[in-house]
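Please open the structure in your viewer and keep the selection panel at hand.

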Amino acid sequence: MGSWSGHGGAAAAAALVSWLCLAAAGVEATGANWGTQASHPLPPDTVVQMLKGSGFDKVKLFDAEEGTMNALKNSGLEVMVGIPNDMLAMMATSMKAAAKWVDQNVSSFLNDGVKVSKPSDGDFRPDIRDLMLTIVKFLSDTGGAFTVNIYPFISLYSDPNFPVDYAFFEDVSSPIVDGSATYTNMFDANYDTLIWALKKNGYGNLPVIVGEIGWPTDGDDHANAQLAQRFNQGFLKHIATGQGTPMRPGPVDAYLFSLIDEDAKSIQPGNFERHWGIFTFDGLPKYQLDLGSSRGLVRAKNVKYLEKKWCVLKPSVSLANTMLSDSASYACSMADCTSLGYKTSCGGLDTRSNISYAFNSFYQKNDQDDVACGFSNLVTTTGQDPSTGTCRFSIMIEVDSAFSWKMEHIRSNSFLMLLLVLLQLCLSF
């Protein structure tokens, strides 16, 4: 049914997430998680325009990168900022360190006050119960909120026997009856499981934030745009009533996960991890979503693309060529082939197109560098779009913000290119 918990140890751990009111908080509204683990991220200003134009009122970040924070300053959006994982231990043991981080990374961007809350990703197991109660007490004492991530998709992915309809917000044939409460969807049941846990320990009135909730669109047979729209729109409609859940009537404070696809994200626990966005990597809405403003989602403006060319397998190259398998596998390992697979967006490709997809992904991720479309003369560039049906052979975007990613990874990229050249030489012998 999902899980929740907190990181860290002492009460100072409550500083792990800072709640920033860049605009005065009003009624509960729906936000989005903005992750930036992408090889070529959209410019922050462009993303802020997308958020506002689509009707979002708030956003949750996973770091406090200066460019992102500057773009959000004076935007009128409410912002929640997460502490980097590598700083959790220090934050948990030193309130001074926590205060210093907030002062350096948050305070200069604020228009209002700061309050802290705690991220959650486990459950109240007996072995961590005392720690959890310490954290919950601190949150209660300081006016903080408990953050829970709820993912019905993960339950379906982990258990093929999970009742699919129960993941959505529609009538089900066998609702769960718990005393006087009736549950027809997993969200309500999962949310109220947490409320019960808090209530039993004397914290039934502690504010709760749904930090992450969403549905991926690729990388698994249940991950597609149709189901994602069905889930996200159903959730938004469900909470728009303001009725809440049986155990916690009232507005629900929630952030959709996520705003934009991230092609550099880890694929644990599955290939779908890079496809949670309601927008593609280049800011195109994958489907329409009404956030209550009757505006719908708007695409990113003024996005610049690289040349209209793709790297594909040469027609003259035989599929029996012994170099193909290792070359394609290498390309996939260094790029993103998570759209290839059973019942994915590119699952219907033939063998030649599968191989071309891998080479093109590598080529685009490396900014259409000529060396990246070499592979011992197995491939060539073409101006004819090889996309077909639901499978999109992407062209990478050209953005200034990608420069910081390149500088951060320049050593690894240089090493990658050296490996590619060596691989080509080895395959040539």
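**Helix α8**

Begin with the buried residues of α8: Leu 227, Ala 228, Phe 231, Asn 232, Gly 234, Phe 235, Leu 236 and Ile 239. The model is a predicted one. An α-helix has 3.6 residues a turn, so residues three or four places apart point the same way.

Next, show the whole helix, residues 225-240; its 16 residues reach 22 Å from the first C-alpha to the last, close to the 22 Å expected at 1.5 Å a residue. At the N-terminal end, select Asn 224, which caps α8 through a side-chain oxygen lying 3.1 Å from the backbone nitrogen of Gln 226. Just after the helix, Gly 242 takes a positive phi of about 75°.

**The loop between β10 and β11**

Move on to Lys 265, located in the loop between β10 (253-256) and β11 (310-313). Is Lys 265 buried or exposed? Its relative accessible area is 13%, under the 20% cut-off, and therefore Lys 265 counts as buried. Display the side chains of Lys 265 and Glu 273, which make a polar contact at 3.0 Å. Leaving aside neighbours within four places in sequence, Lys 265 is in contact with Gln 37, Phe 257, Glu 273, Arg 274 and Trp 276.

Lys 265 also belongs to the lining of the largest cavity, together with Phe 257, Ser 258, Ile 260, Asp 261, Glu 262, Glu 273, Arg 274, His 275, Trp 276 and Gly 277. The volume of this cavity is about 30 Å³, and the count of cavities of 30 Å³ or more comes to 1.

Inspect the backbone here as well. Most residues other than glycine have a negative phi, and most peptide bonds are trans. Phe 257 and Ser 258 are joined by a cis peptide bond with omega about 0°; Ser 258 is placed in the loop between β10 and β11. A cis bond also runs from Gln 268 to Pro 269, with omega near 10°, and Pro 269 is in the loop between β10 and β11.

Select residues 351-365, helix α10. The 15 residues should span 21 Å at 1.5 Å a residue, and the end C-alpha atoms are 22 Å apart, which agrees. The helix is mostly covered, with 11 of its 15 residues buried; among them are Ile 355, Tyr 357, Phe 359, Phe 362 and Lys 365.

Just after α10, select Asp 367, whose phi is positive at about 55°. Gln 368, not a glycine, likewise has a positive phi of about 55° and sits in the loop between α10 and β12 (379-382). With a relative accessibility of 7%, Gln 368 counts as buried. Phe 375 is found in the loop between α10 and β12 and has a positive phi near 45°. The relative accessible area of Phe 375 is 1%, so this residue is buried too.

**Colouring by confidence**

Finally, colour the chain by pLDDT. The protein averages 83, and 82% of the residues score at least 70. Over residues 1-27 the pLDDT is below 50, although this stretch has 117 contacts in the model beyond near neighbours in sequence. Residues 401-429 also stay under 50, with 38 contacts beyond four places in sequence.

Terms used: Residues are numbered from 1 along each chain as its sequence is written. This is a predicted model: local features need pLDDT of at least 70, side-chain atom pairs count only at pLDDT 80 or more; totals for chains, interfaces and linings use all residues. Side-chain values use heavy atoms; hydrogens and water are left out. Helices (H or I, at least four residues) and strands (E, at least two) are DSSP runs, numbered from the N terminus. The expected span of a helix is 1.5 Å times one less than its number of residues. Buried means under 20% relative accessible area, exposed over 50%, partly exposed in between (1.4 Å probe, protein chains only). pLDDT is the predictor's confidence in each residue, from 0 to 100. Contact means heavy atoms within 4.5 Å. A polar contact is a pair of N or O atoms within 3.5 Å; within protein, one must be able to donate a hydrogen and the other to accept it, and residues adjacent in sequence count only if both atoms are side-chain atoms. On a 1 Å grid over the protein atoms alone, a cavity is a set of points where a 1.4 Å probe fits but cannot get out, and a pocket is an open set with protein on both sides within 12 Å along at least five of seven lines; lining residues have an atom within 4 Å of a point. Grid points are joined across faces, edges and corners, and a volume is the space filled by probe spheres set on the points.
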